[in-house]
Amino acid sequence: MRSDTSSYGPSGFIRSMALASSSVVQPVVAMMVGMPLFGMPLRALQGAVLGPASVGIPELRALGMGVAMTISMVIWMRYRGHSSRATTEMAAAMVVPTVALFPLFWAGIISGGMLVGLEHVLMLPSMLAVM
């Protein structure tokens with residue numbers, strides 16, 4: 001009979017669920033922190049380099065939001081000891097859905113507001129796919 005029952009029974013299930021939820025919650029918190037922490041300086045830099053009118057361009061707004069969240073995610077993953085490969089895959093999973101939505105916006109199928117909203121909706125499953 002096995003004496004180590006840490007992965008069996010209700011307490012093992014609770015530990016597994018806590019670990020799984022922290023694997024999802026921590027990245028979401030990192031992204032939420034990154035949006036204002038990196039998003040505002042990126043937007044100011046964008047306005048200074050490309051001009052104030054560029055701040056209202058939906059593609060740049062969506063891309064800036066994605067980059068701000070990706071920067072904070074990369075920092076968090078490196079802090080947690082993830083490899084460069086895993087970090088790069090996650091960064092790609094965060095940016096690719098945004099860029100993939102651009103043709104829908106250009107074709108007039110989705111609005112600028114929908115572009116940013118769908119970016120967030122598609123980013124999470126894309127991130128889960130590479131976890």
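Predicted model: local features only at pLDDT ≥ 70, side-chain atom pairs only at ≥ 80, totals over all residues.
User: What share of the contacts with a separation of 6 or more comes from residues 24 or more positions apart?

Analyst: The protein chain has 131 residues, and 29% of them are buried. Among contacts with a separation of 6 or more, the share from residues 24 or more positions apart is 67%.

User: Are α2 and α3 roughly parallel or roughly antiparallel to each other?

Analyst: Two packed helices are described by an axis angle and an axis distance. For α2 and α3 (residues 84-106), the axes lie 9 Å apart and the angle is about 170 degrees. Angles over 145 degrees count as roughly antiparallel. The pair is therefore roughly antiparallel.

User: How do the residues of the contact of α2 with α3 divide by class?

Analyst: On the α2 side, the contact includes Leu 63, Met 69, Met 73 and Met 77. On the α3 side, Met 90, Met 94, Phe 102 and Trp 106 are among the partners. The contact residues divide into 16 nonpolar, four polar and two charged.

User: Which residues lie nearest the centre of the largest pocket?

Analyst: The volume of this pocket is about 320 Å³. Its lining draws at least two residues from each of α1 (9-50) and α2 (58-79). By class, the lining has ten nonpolar, three polar and two charged residues. Of the 15 lining residues, those nearest the centre are Arg 43, Gln 46, Leu 60, Gly 64 and Met 65.

User: Is Gln 46 buried or exposed?

Analyst: Gln 46 sits in helix α1. Beyond four places in sequence, Gln 46 contacts Gly 51, Ser 54, Val 55 and Leu 60. Its relative accessible area is 14%. Buried means under 20%, so Gln 46 is buried.

User: What distance separates the C-alpha atoms of Leu 101 and Leu 115?

Analyst: Leaving aside neighbours within four places, Leu 101 is in contact with Ile 110, Leu 115, Leu 118, Glu 119 and Leu 122. Leu 101 and Leu 115 are 14 residues apart along the chain. Their C-alpha atoms are separated by 6.7 Å.

Key
Residues numbered from 1 in each chain as written. Heavy atoms only, no water. 1 Å grid on protein atoms, 1.4 Å probe; cavity = no way out; pocket = protein on both sides within 12 Å on 5 of 7 lines; lining within 4 Å. Points joined across faces, edges and corners; volume = space filled by probe spheres on them. Helix = DSSP H or I, 4+ residues; strand = E, 2+ residues; numbered from the N terminus. Nonpolar A, V, L, I, M, F, W, Y, C, P; charged D, E, K, R; others polar. Buried < 20%, exposed > 50% of the residue type's maximum accessible area, 1.4 Å probe, protein only. Contact = heavy atoms within 4.5 Å. Axes fitted to C-alpha atoms, helices over the stretch in contact; angles between N-to-C directions. Parallel < 35°, antiparallel > 145°, perpendicular 65-115°, else oblique.
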